[in-house]
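Here is a short tour to read with the model open on your screen.

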Amino acid sequence: MSLQKKKLKIYIAGHRGMVGSAVWRSLESKGYTNLIGKTSADLDLRNQQQVFEFYKQEKPDVVIDAAAKVGGILANNNFPYQFLMENMQIQNNLIDGALKLGVEKFIFLGSSCIYPKYAPQPLKETCLLTDSLEPTNEWYAIAKISGVKACEAIRNQFKKDYVSLMPTNLYGYFDNFDLQTSHVLPAMLRKFHEAKINNHAAVVLWGSGSPMREFLFVDDLAEAVVFALENKLPEHLYNVGSGTDVTIKELAQTIQKVVGHKGNIIWDASKPDGTPRKLMDVSKMQRLGWQYKTALEEGVEKTYAWFLEHIDSIKEVKLI
């Protein structure tokens with residue numbers, strides 16, 4: 001990578017989130033110095049005029065869209081309009097503003113939830129729009145699909161290098177550890193930690209433990225973003241994941257080992273298991289030369305170390 005490329009002005013939308021902060025760290029570590037980030041207090045991405053004015057003033061060479069309104073099943077269910085409309089506003093303003101103000105490279109980050117609920121495993125990019133979505137997060141998924149299609153349309157019509165990356169289940173530094181709203185891995189990590197400091201109390205987990213899930217350390221996704229930045233990818237949509245999965249029971253045992261919890265794990269089979277399997281086909285990215293690096297246990301160790309370091313600032317940490 002030339003010195004000139006390292007001087008590229010890169011705007012990272014959502015730079016304080018788990019994904020955006022990982023992308024920022026990765027770019028800095030590779031010598032990129034001209035990085036821009038704005039907090040939501042400084043720039044409301046839902047406001048078209050504010051976004052356009054920001055683009056006019058800063059004139060970024062590259063935009064990386066890691067900004068989104070996110071939440072769990074409960075939030076998606078209770079606020080479907082906000083999850084649809086606010087995510088569309090954010091990405092539409094960023095994408096349309098970038099096009100109109102001459103940004104040549106745009107990297108759009110989505111989610112594996114864009115794929116149909118019953119798509120064949122592993123999930124291929126060609127599965128998009130072939131069947132109905134998972135109802136619990138379809139509002140968020142529809143917004144993200146519209147972003148993917150907007151970037152594809154710009155690529156086709158205006159020949160600009162706009163590409164979409166769809167990551168699998170992410171975890172890592174700056175994750176959400178709130179037991180009411182977090183995803184399975186950070187929620188488990190916190191449960192095992194709290195059980196350990198509560199005399200190694202038993203940990204109750206939902207379901208049978210048999211469903212299979214794929215996980216990717218967020219710094220590996222950041223490496224994929226940098227790969228997409230430094231290379232002109234030939235297609236508009238790429239899955240980003242490990243391409244391997246584990247059972248929820250194996251995940252629990254890995255986290256239990258890393259945390260050092262010595263108590264029992266109780267599986268509450270009265271609770272739902274969810275989808276039996278959700279695995280991404282990442283062969284397209286692998287063929288281009290990108291591959292994940294961080295094994296699950298290593299990633300959990302890094303995440304747990306970060307959790308312990310920041311435990312005082314993580315909201316509502318309390319003993320079970």
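Where is the place of Lys-159 in the chain? Lys-159 sits in the loop between H6 and E5. Keep in mind that this is a predicted model.

Lys-159 has a phi near 60°, which is a positive value in a residue other than glycine. Lys-59 also has a positive phi, near 50°, and is found in the loop between helix H3 (48-58) and strand E3 (62-65). Here are the two lysines side by side.

Another backbone feature is worth a look. A cis peptide bond, with omega about -10°, links Gln-121 to Pro-122. Pro-122 belongs to the loop between strand E4 (105-109) and helix H6 (138-158).

Now to a pair of strands. Strand E5 (residues 161-167) and E10 run parallel and are joined by four bridges. Within this pairing, Pro-167 stands opposite Val-240 in E10. Along strand E10 (residues 237-240), Leu-237 and Asn-239 point one way, while Tyr-238 and Val-240 point the other way. All four of these residues are buried.

Next comes Tyr-173, placed in the loop between strand E6 (169-171) and helix H7 (184-196). Its relative accessible area is 19%, so Tyr-173 is buried, the cut-off being under 20%. Which residues does Tyr-173 touch, not counting those up to four places away in sequence? They are Met-18, Arg-25, Phe-217, Val-218, Asp-219, Lys-302 and Trp-306. Tyr-118, by contrast, lies 55 residues from Tyr-173 in sequence and 31 Å from it in space, C-alpha to C-alpha.

Finally, the chain as a whole. The chain has eleven helices and 13 strands. Its radius of gyration is 20 Å, which agrees with the value near 20 Å for a compact globule of 320 residues. Along the principal axes, the C-alpha atoms fill a box of roughly 60 × 40 × 40 Å. Of the 320 residues, 50% count as buried. Among contacts with a separation of 6 or more, 81% are between residues 24 or more positions apart. The accessible surface comes to about 15,200 Å², and 51% of it belongs to carbon and sulfur atoms. As for charge, the mean positions of the 38 positive and 36 negative charges are 3 Å apart.

Methods: Residues are numbered from 1 along each chain as its sequence is written. This is a predicted model: local features need pLDDT of at least 70, side-chain atom pairs count only at pLDDT 80 or more; totals for chains, interfaces and linings use all residues. Side-chain values use heavy atoms; hydrogens and water are left out. Buried means under 20% relative accessible area, exposed over 50%, partly exposed in between (1.4 Å probe, protein chains only). Two strands pair if DSSP finds at least two bridges between them. Contact means heavy atoms within 4.5 Å. The radius of gyration is taken over C-alpha atoms; the globule rule is 2.2 Å times the number of residues to the power 0.38. Accessible areas come from the Shrake-Rupley method with a 1.4 Å probe; for residues, only the protein chains shown count as cover. Lys and Arg count as positive and Asp and Glu as negative; His and the chain ends are not counted. The place of a charge is taken as NZ of Lys, CZ of Arg, CG of Asp or CD of Glu.
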